[in-house]
Amino acid sequence: MSNVWPASAARDSTGALSIGGVDVRDAAAQFGTPLFILDEQDVRARAREYRIAATQVGARQVYYAAKAFLATGIARWVHEEGLGIDVASGGELAVALRAGVPGSDLLLHGNNKSIHEIEEAIGAGVSRIVLDSFEEIVRVADVASRLGIVQPVLVRVTIGVEAHTHEFIATAHEDQKFGFSVSAGAAQEALRRIAMLPSIEFRGLHSHIGSQIFDALGFEEAAVRIVGFMSHMSKELGIEFAELDLGGGMGIAYLESDDPLAIGQLAAQIADAVARDCAAVGMPVPALAFEPGRAIIGPPGVTLYEVGTVKAVQTVDGLRTYVSVDGGMSDNIRPALYDAEYTVALASRTSEVEPMLVRVVGKHCESGDILIREAYLPADLAPGDLLVVAATGAYCRSMASNYNYLPRPAVIGVNAGHASVILRRETLNDVLALDPGA
Ligand code: LLP
């Protein structure tokens, strides 16, 4: 049984939940609902754990994957704990720079970086740009040359390994938009072209095999294939592969039954596999890098909602109770998009009443606006109660929308009994300001 709640989550004597020493009822009263709450110490501890695991296996850098959720406060927390940041757009780059993270601790991703984004990144001195297409090789080389810089780059390769949770599949062809295919020869051609361009400096390969992965098998299969390719290329073209960035994807527990591998163990297994494969082909071991997003910001985050209605509906199987909260698919699109499952609990009090089976839904005009398909909550649940959904720190606020003109929720950080605003709640005026109103 995994713990799905932030490290500091606790019930006080009244039964109300507190996180980071902040009573969720006080947080709701002060900041409103829906509300994202992040346990700062938990985020920092996870970032540190990655830093330590990486150091233990001799990795060169851990870049926090900003796409999971970024704000200047988050960039500062993870950077203070020794992580760099992986940014995948000019917007994410701007937030990281605004937080004071130096370019030397940033890495730029993206499968269609604009010239402007490339200029901003090179101008900021980003440590690595991960190249993803033939067009981009030329664009990055041109911008670097214009700016009089030799830009270190990695080349993103696809090696026909895809992993999700406990499963990985290895296929011969790679039908996806990212990277250069190894089997089709595109990766080899990319290396040839890069070698001829003096304004970019090839440092190594990048591979990201998927997300929400629970074990090392997919990474190990990826390592075998990548090392095979590196060995072939170093013999054929005399290329040196100083670095290997294995991306992110480390899974987390959304449900108590989820059982992800501890990061230290995962990193050790991956590093062992790379070292073993390199030894087998007589190659020097490249310096590893990782890009975890979800594993750092997911578990320390929760969403707090207020219950608005509790409705019993007659279905063919009997009665179903629909519990409507004041957010929904605009602050958590993951159940609708990926059938993602979450854990929910009554947060503002405890109840001695027997649990009932419910479906927790949002307030959007769409029947697919379901947050939790099946959950047990106390049968005396009533409007005004606060519900808390676990492990929403990653890919919820960052993928939030204004569907039905709902302003996007605030994000607060909690630590030692103190709450601070990470992102303020959007107001209707913020949203209306986009409309010229002619
Ligand atoms: N590096 C690269 C190149 C990536 O594409 C990603 C995620 C990461 C790192 C971070 O992966 P993580 O450690 O967070 O799994 N919206 C989806 C997840 C999409 C992930 C895309 N790439 C979700 O909500 O599950």
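Biologist: How many residues in the lining of the largest pocket are nonpolar, polar and charged?

Modeller: This is a predicted model, in which local features need pLDDT of at least 70, side-chain atom pairs count only at pLDDT 80 or more, and totals for chains, interfaces and linings use all residues. Residues are numbered from 1 along each chain, and side-chain values use heavy atoms, without hydrogens and water. Ala, Val, Leu, Ile, Met, Phe, Trp, Tyr, Cys and Pro count as nonpolar, Asp, Glu, Lys and Arg as charged, and the others, Gly among them, as polar. By these classes the lining has 15 nonpolar, 18 polar and eleven charged residues.

Biologist: Which element gives the most to the lining of the largest pocket?

Modeller: Elements are DSSP runs, with helices (H or I) of at least four residues and strands (E) of at least two, numbered from the N terminus. Those giving two or more residues to this lining include β9 (151–158) and β14 (210–213). The most, four residues, come from β10.

Biologist: At roughly what angle do the axes of helix α7 and helix α8 cross?

Modeller: Axes are lines fitted to C-alpha atoms, for helices over the stretch in contact, and angles run from 0 to 180 degrees between N-to-C directions. The axes of α7 (residues 186–195) and α8 (residues 217–237) come within 12 Å, and they cross at roughly 40°.

Biologist: Why is α7 called oblique to α8?

Modeller: Angles under 35 degrees count as roughly parallel, over 145 as roughly antiparallel, and 65 to 115 as roughly perpendicular, with the rest oblique. The crossing angle is roughly 40°. Therefore α7 is oblique to α8.
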